[in-house]
Amino acid sequence: MLFSKALKAFGGIADKGCVNTLAQTMMNAGRSADAGHPASAGTDRRPRPEGAPGPERPGSASWEAPDRGMGGIGRRTGAGRGRGLHGQLVQQLGQMIVSGDLGADRPLVPEEIGQRFEVSRTVVRESLRVLEAKGLVSARPNVGTRVRPVSDWNLLDPDIIEWRAFGPQREDQRRELFELRAAIEPLAARLAAGHGRTEGRQRLADMVEIMGHAVGQGDAVTFSRADAEFHGVLLQAAGNRMLDHLSGIVSSALQVSGAPALGCDRVTETCVAGHLRLVDALAAGDAGAAETAMRALLTVHPEVDHVVPAPREH
C-alpha cells in the first residue's frame, strides 16, 4: 500500500491495526457530526439543537433586538454550548464585537447588559473579563468598559479566529492565515528535517495514512481533520518553541477559518501524494526537499472552491 511506504521510511512498519483504528475513529467522528449525533472519542463536535440556525453574522447592535434573551444566545455557534450562561454571553458579545455590531469605543454598561440578557451582574462581570483578556474590550476607572479597535485584538485567540471566520472579516482572515502559513510552515519543514524526532515524524506518517483511508472513503471531514493535525504536528516537529506554540493555533484555524483554497482542499490522491513527498523528505533529512514540498502544499489554486468548515466546538 502506498501509505505503508511512508511508515517504512522511518525505520519500521507502524502498527497497521492502530492506524486503521485511529482512521476509523476519525471517520466515525465526522459521520456522527454530519448526522447530527454526538461524536465519538477523538472529536470535539456536538450536535446543534433542533431547529437552530447555522453560523451567521449577528444582527442589529441594538440591545432591544427581540432575540437577545439568553435562549437566543445559546443558539449561536458552538463555542457557547456546554459553558452555561457565562460562556454563552461571552460568545454573543464576542460575535457582536467582531462583526462590527458593537463598534470600536462603544461603551458596554454592565447593568444594561445584565438587564437585556437577563443574567446576573456576576455573569456579566466575568464575561467582560474574558473579553478583556482577548483584547476585545478595555475597562478603566472613571471611563468604564469600551470596545477596543481591531488593532488591539488577540487575533490568534481561537474564539476570535472562529468569530472572524463567520463574520464580515472572513476574507481578511483567509488572507492573513495564508500569509502566516506561507511564512512559517516552509521554515518549519526545513527545521524538522534537521531533527531526528521519530515520534513527530511517525505522527505525520500516521496522518498521511489516515488521509489515504479518507480518500478511499470519500470522507472529506476526516481528511480535513487529519490534514489540520498534520500541519500542527509539523510545527511541533521543528524543534522551535515559538513555532510549537503556534501549532495548536494553526491547526484550529484550519478547521474553522475558511482558509484560502489550497491544492489540498479537495480529497484527492494527488494531495495525499504531496504530503507523502514531505514525509519522505523529512525521513531522508533533506531540508531543501522538505521546504520545497511544503511550499507546493501551500500553492493556491484559484479554481478550487473555498470550503467553510463547521464552527469550532469546545
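**Figure 1. A salt bridge between Asp159 and Lys134.** In this predicted model, Asp159 and Lys134 form a salt bridge, with their closest N and O atoms 2.9 Å apart. Asp159 belongs to helix 7, while Lys134 sits in the loop between helix 6 and strand 2, so the pair ties together parts that are 25 residues apart in sequence. Are these two partners buried or exposed? Both Asp159 and Lys134 are buried. As a reminder for this view and for later ones, side chains of opposite charge can pair when their charged atoms come close.

**Figure 2. Helix 7 and what surrounds it.** Let us stay with the helix that carries Asp159. Seven of the eight residues of helix 7 (residues 158–165) are buried, so the helix is largely enclosed by the rest of the structure. The buried residues are Asp159, Ile160, Ile161, Glu162, Trp163, Arg164 and Ala165.

**Figure 3. Gln169, in the loop between helix 7 and helix 8.** Having followed helix 7, we come to Gln169, which is found in the loop between helix 7 and helix 8. With a relative accessible area of 14%, Gln169 counts as buried, because the cut-off for that class is under 20%. Which side chain makes a polar contact with the side chain of Gln169? That partner is Arg164, at 2.9 Å. Once neighbours within four places in sequence are left aside, Gln169 is in contact with Val98, Val150, Trp153 and Arg164.

**Figure 4. A network of salt bridges that includes Arg164.** The polar partner of Gln169 turns up again here. Arg164 is linked with Arg175, Glu176 and Glu179 in a network of salt bridges. Arg164 is also one of the buried residues of helix 7. For context, how many salt bridges does the structure hold? The count is 13.

Figure 5. The side chains of Arg129 and Glu126 meet in a salt bridge, at 2.9 Å from N to O. These residues are three apart in helix 6, which means that about one helical turn separates them. Arg129 is partly exposed, with a relative accessible area of 47%. Glu126 is partly exposed too, at 31%.

**Figure 6. A salt bridge between Asp105 and Arg146.** Asp105 and Arg146 form a salt bridge whose closest N and O atoms are 3.9 Å apart. Where in the chain do the two residues lie? Asp105 is in the loop between helix 4 and strand 1, whereas Arg146 is in strand 3, so the pair links distant parts of the chain, 41 residues apart. Asp105 counts as partly exposed at 48% relative accessibility, and Arg146 counts as partly exposed at 27%.

Figure 7. Three strands form an open sheet in the order 1-3-2, with antiparallel pairing. Strand 1 and strand 2 stand at the edges, each with a single partner strand, so one side of each has no neighbour in the sheet. Over how many bridges do strand 2 and strand 3 pair? They pair over four bridges, in the antiparallel sense. Val137 stands opposite Val147 in strand 3.

Key. Residues numbered from 1 in each chain as written. Predicted model: local features only at pLDDT ≥ 70, side-chain atom pairs only at ≥ 80, totals over all residues. Heavy atoms only, no water. Buried < 20%, exposed > 50% of the residue type's maximum accessible area, 1.4 Å probe, protein only. Polar contact = N/O pair within 3.5 Å; in protein donor to acceptor, adjacent residues only side chain to side chain. Contact = heavy atoms within 4.5 Å. Salt bridge = Lys/Arg side-chain N within 4 Å of Asp/Glu carboxyl O. Pairing = 2+ DSSP bridges.
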